[in-house]
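I opened this notebook page to record what I looked up in one protein model.

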Amino acid sequence: MLIVSLSLIASVFYVLAMGHVLSRLFHKEGPSHKLTIILSTLAILTHMLVLVNSVFTTEGQDLSTINVALLTCWVIVVSVTTVSLKFPATLLLPVVYGFAALLLTASLFVPHHIVMQSINVDIGLVVHISLSLLAYCVLIIATLYAIQFFFIDKRLKQKDLAIMHSHLPPLMQVEQQLYQLLTVGTALLTLALLSGFAFLEGMFDKEFIHKTVLSMISWVIFSAVTVGHHQFGWRGKPVVFTIIGASGLVTLAYFGSRFIQEVILVKF
């Protein structure tokens with residue numbers, strides 16, 4: 001009951017923060033910075049309490065897919081909110097807040113209870129998991145920047161006067177941050193894959209081969225886009241759609257099979 005209450009409270013604060021930002025999206029002065037931070041901070045802290053109570057149970061650690069997704073979402077929300085303190089992120093904030101609210105609400109209806117009585121501390125495994133989580137979060141944030149870039153670019157090409165006088169960040173700034181994030185995310189994904197091959201056994205076993213293959217395909221795509229931009233000036237709509245596609249693949253690699261096993265197959 002505590003988790004249900006905390007999840008609903010966090011969702012409400014996320015929705016309030018999202019609604020406030022959206023209501024001032026095309027206003028010249030933008031949303032109230034103070035109100036946005038207050039609402040988002042309350043949501044983030046409550047979200048953290050949900051994680052603590054959901055993962056650390058009296059029976060052990062519940063590391064189900066939904067809890068890992070909630071943790072990943074929390075890291076992304078904290079990162080984007082922190083970035084917004086220095087750079088305008090008016091389009092990104094409602095997206096991450098809205099998704100967090102949906103995920104928290106959905107988690108109440110999705111069966112999840114994968115308990116581990118104890119966790120063997122394996123430094124190699126910890127390094128691999130940490131790098132994988134960081135890589136995924138950074139690449140998803142880069143994807144959000146790519147979508148933001150595409151939206152602003154499209155509206156500018158349509159000569160939309162509303163966007164000219166809005167609080168949205170300059171297009172060139174968004175593009176610069178996009179490729180900085182993409183470069184960092186690709187580097188982290190490279191290290192995550194290398195650590196997996198170095199510290200883990202069975203990366204190509206039947207149980208894990210789809211994750212390895214999808215992650216490697218995603219790495220190839222992200223690397224090609226990163227190198228293509230820096231060396232050949234690749235940019236624009238094709239790059240945005242390529243980044244979104246690669247993010248979809250890496251999401252499928254990270255969460256696809258576990259979601260099917262823990263949620264879909266459980267119902268049947």
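**Overall chain**

I looked up burial and found that 44% of the 268 residues in the protein chain are buried, where buried means under 20% relative accessible area, exposed over 50%, and partly exposed in between (1.4 Å probe, protein chains only). I note that this is a predicted model, in which local features need pLDDT of at least 70 and side-chain atom pairs count only at pLDDT 80 or more, while totals for chains, interfaces and linings use all residues. Residues are numbered from 1 along each chain as its sequence is written, and side-chain values use heavy atoms, with hydrogens and water left out.

I found 9 helices and 3 strands in the protein chain; helices (H or I, at least four residues) and strands (E, at least two) are DSSP runs, numbered from the N terminus. The order from the N terminus is α-α-β-β-α-α-β-α-α-α-α-α. Of the contacts (heavy atoms within 4.5 Å) with a separation of 6 or more, 80% join residues 24 or more positions apart.

**Record check**

I consulted UniProt, whose unreviewed entry lists "transmembrane region" for several spans, including residues 35–56 and 178–200; such annotations may be inferred rather than shown by experiment. In the model, residues 35–56 are 95% helix and 5% strand, with end C-alpha atoms 32 Å apart. Residues 178–200 are 96% helix and 0% strand, and their end C-alpha atoms also lie 32 Å apart.

**Salt bridges**

One joins D153 and K157 at 3.2 Å, N to O. Both residues lie in helix α5 (residues 123–157), 4 residues apart, about one turn of the helix. D153 is buried at 17% relative accessibility, whereas K157 is exposed at 65%.

R235 and E175 form a salt bridge at 2.7 Å, N to O. R235 sits in the loop between α8 and α9 (237–267) and E175 in helix α7, so the pair ties together parts 60 residues apart in sequence. E175 is buried at 6% relative accessible area; R235 is partly exposed at 47%.

**Nonpolar patch**

Which residues make the nonpolar surface patch? I recorded F197, F204, I209, V213, M216 and I217, with an area of about 480 Å². Patch residues have over 30% relative accessible area and no salt bridge; like charges are joined within 9 Å, and nonpolar side chains (Val, Leu, Ile, Met, Phe, Trp, Tyr) within 5 Å. Helix α8 (residues 209–232) gives the largest share, 4 residues. F204 lies in the loop between α7 (171–199) and α8 and is partly exposed at 47%.

Notes
Areas by Shrake-Rupley, 256 points an atom, 1.4 Å probe, with all protein chains shown as cover. Salt bridge = Lys/Arg side-chain N within 4 Å of Asp/Glu carboxyl O.
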